[in-house]
Amino acid sequence: MSQLAFLCIATFHKGQDFLRACKELGNTVYLLTDQKLANADWPRDAIDDIFYLSSPSNAPYDLEKMITGLAHVMRSRQIDRVVALDDFDVEKGALIRETFRIDGMGQTTARYFRDKLAMRTRAAAAGIRVPPFSPIFHDETVTQFLQTTEAPWLIKPRAEASTTGIRKVHSLDEAWAVIHSLGDNRHEYLIECFKPGRVYHVDALSLDGKAVFTRVSQYLATPMEVAHGGGVFRTGTLPDDTPEVAALQQFNNEVLEAFGMRHSASHSEYIRGDHDGELYFLETASRVGGAHIAEMVEAASGVNLWREWAKLETAVARKEHYVPPTDEPNQAGLIVSLARQQWPDLSGFADEEVCWRINKEYHVGLIVRSSDRARILALLDDYMHRIYSDFHASAPVPDKAVS
């Protein structure tokens, strides 16, 4: 088949392995990114051309400017596929596909992988358990929700990633004070019951609507706890014979089918409620997991999700057979924290299980790999105490994501 041209959208500095793999597979690779990332360390030898956005915003004016700019680009360049490499680019990718009639996920389906309210309404309609929630458009509906459910509640932005912008409230008056403070942006939020429990993430690759690779992990300190409690982020993969794994794989398949996932990487989060022991859907995304979860999955499985996603997208576009990767049977754990030092010295973490160290200012982070999950948990526990003692710093949770 003739060479295909991929437009990869990344308004955060990520997806380098996708770009490299996409080029190695013989594709033309274009990158659409934020002007502020013009000098970032992109794999420029794997990119045929880079186009810049004056703003990464998904506001209508900025999206209109993006479409106008791409219309000029496409007068001289063919684009066959569009891939959004980050949550914030899913809307851009869907709009580009719809406008220029390019195959792939359109705007309606993209909402289920981007808009937290759309996710919940779709899940509930499909009979998938979700924590009780409500849009906050209509005053009487909100008051009824608050009066008929139990505190605490979370007021969440519909379109932010991870825990960014989430507020926890404990009374009707406090909830209304936060809602009123949102002003004209109120419609961009939802409210839901906060239910404590064990939180899991499922990282997968889907082909023809079926997951062909899946890894299940459990947060040992959830993003919510870290962002709002100043903790140390920890997560670890679960062995296939762990009772939760089969249930979470099935639950994840039901979610992806209900949401219309066809061909993509995905990162989904679920909670087993302490109050009833049942699994509940929290959120999903049609991209590779962030916060270095992809590196942890690779350490455990030998599978680089970014590269495999590029192979999958290329095979689908060329109508070729895609062979899913072989999953190695190891386990891995990840620990990350803000640090007081600009460049923390991690040489003291010298256990043979350490297979990755973060290289980022004011951060400390490691990945450990072993066939013995008990060993991983013991190391993460030890490292957590050492990080708190020697490195840890905390910062307020931001209202908006930062690159």
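A cavity, on a 1 Å grid over the protein atoms alone, is a set of points where a 1.4 Å probe fits but cannot get out. Grid points are joined across faces, edges and corners, and a volume is the space filled by probe spheres set on the points.

Good morning. The model before you is predicted: local features need pLDDT of at least 70, side-chain atom pairs count only at pLDDT 80 or more, and totals for chains, interfaces and linings use all residues. Residues are numbered from 1 along each chain as its sequence is written, and side-chain values use heavy atoms, with hydrogens and water left out.

How many cavities of 30 Å³ or more does the structure hold? The count comes to one, and the volume of this largest cavity is about 50 Å³. Ten residues line the cavity, a lining residue being one that has an atom within 4 Å of a point. Those nearest its centre are D87, K116, M119, E283 and T284. Two elements, α5 (116–125) and β13 (279–285), each give two or more residues to the lining. Here helices (H or I, at least four residues) and strands (E, at least two) are DSSP runs, numbered from the N terminus. The largest share, three residues, comes from β13. By class, the lining has four nonpolar residues, one polar and five charged. In this scheme Ala, Val, Leu, Ile, Met, Phe, Trp, Tyr, Cys and Pro count as nonpolar, Asp, Glu, Lys and Arg as charged, and the others, Gly among them, as polar.

I turn now to two helices. An α-helix has 3.6 residues a turn, so residues three or four places apart point the same way. In α6 (139–148), the residues V142, F145 and L146 are buried. Buried means under 20% relative accessible area, exposed over 50%, and partly exposed in between (1.4 Å probe, protein chains only). Why do the buried residues of α6 line one face of the helix? Seen down the axis, they fall within an arc of 95°, and so they share one face; the arc is that of the directions from the helix axis to the C-beta atoms. The face turned away from the buried side carries the exposed residues E140, Q144, Q147 and T148. Among the elements that cover the buried residues of α6 are β5 (133–135), β6, α7 and β8, where contact means heavy atoms within 4.5 Å.

Helix α7 (residues 172–181) has A175, W176, V178 and I179 buried. These buried residues fall within an arc of 160° when seen down the axis, so they line one face of α7. On the other side, D173, H180 and S181 are exposed. The buried residues of α7 pack against α6, β6 (153–157), β7 (167–169) and β8 (189–193). After α7 comes G183, whose phi is positive, near 60°.

Next, the backbone. Most residues other than glycine have a negative phi, and most peptide bonds are trans. H292, which is not a glycine, has a positive phi of about 70°. H292 sits in the loop between β13 and α10 (293–301) and is partly exposed, at 24% relative accessibility. K319, also a residue other than glycine, has a positive phi near 60°. The loop between α11 (305–318) and β14 (331–339) holds K319, which is exposed at 74% relative accessibility. The peptide bond from A151 to P152 is cis, with omega near 0°, and P152 lies in the loop between α6 and β6.

What of the cysteines? A disulfide is a covalent bond between the sulfur atoms of two cysteines. The criterion here is a pair of cysteine sulfur atoms within 2.5 Å, and the structure holds zero disulfides. The sulfur of C8 has its closest cysteine sulfur in C22, 5.0 Å away, which is too far for a bond. C8 is buried, at 0% relative accessibility, and C22 is buried with a relative accessible area of 0%.

Finally, consider the loop between β2 (28–34) and β3 (49–53), where K36 lies. Is K36 buried or exposed? K36 is exposed, with a relative accessible area of 74%. From C-alpha to C-alpha, K36 and E24 are 27 Å apart in space, and they are twelve residues apart in sequence. A40 is found in the loop between β2 and β3, and counts as buried at 15% relative accessibility. A40 and R262 are 222 residues apart in sequence and 32 Å apart in space, C-alpha to C-alpha.

Thank you for your attention.

Terms used
1 Å grid on protein atoms, 1.4 Å probe; cavity = no way out; pocket = protein on both sides within 12 Å on 5 of 7 lines; lining within 4 Å.
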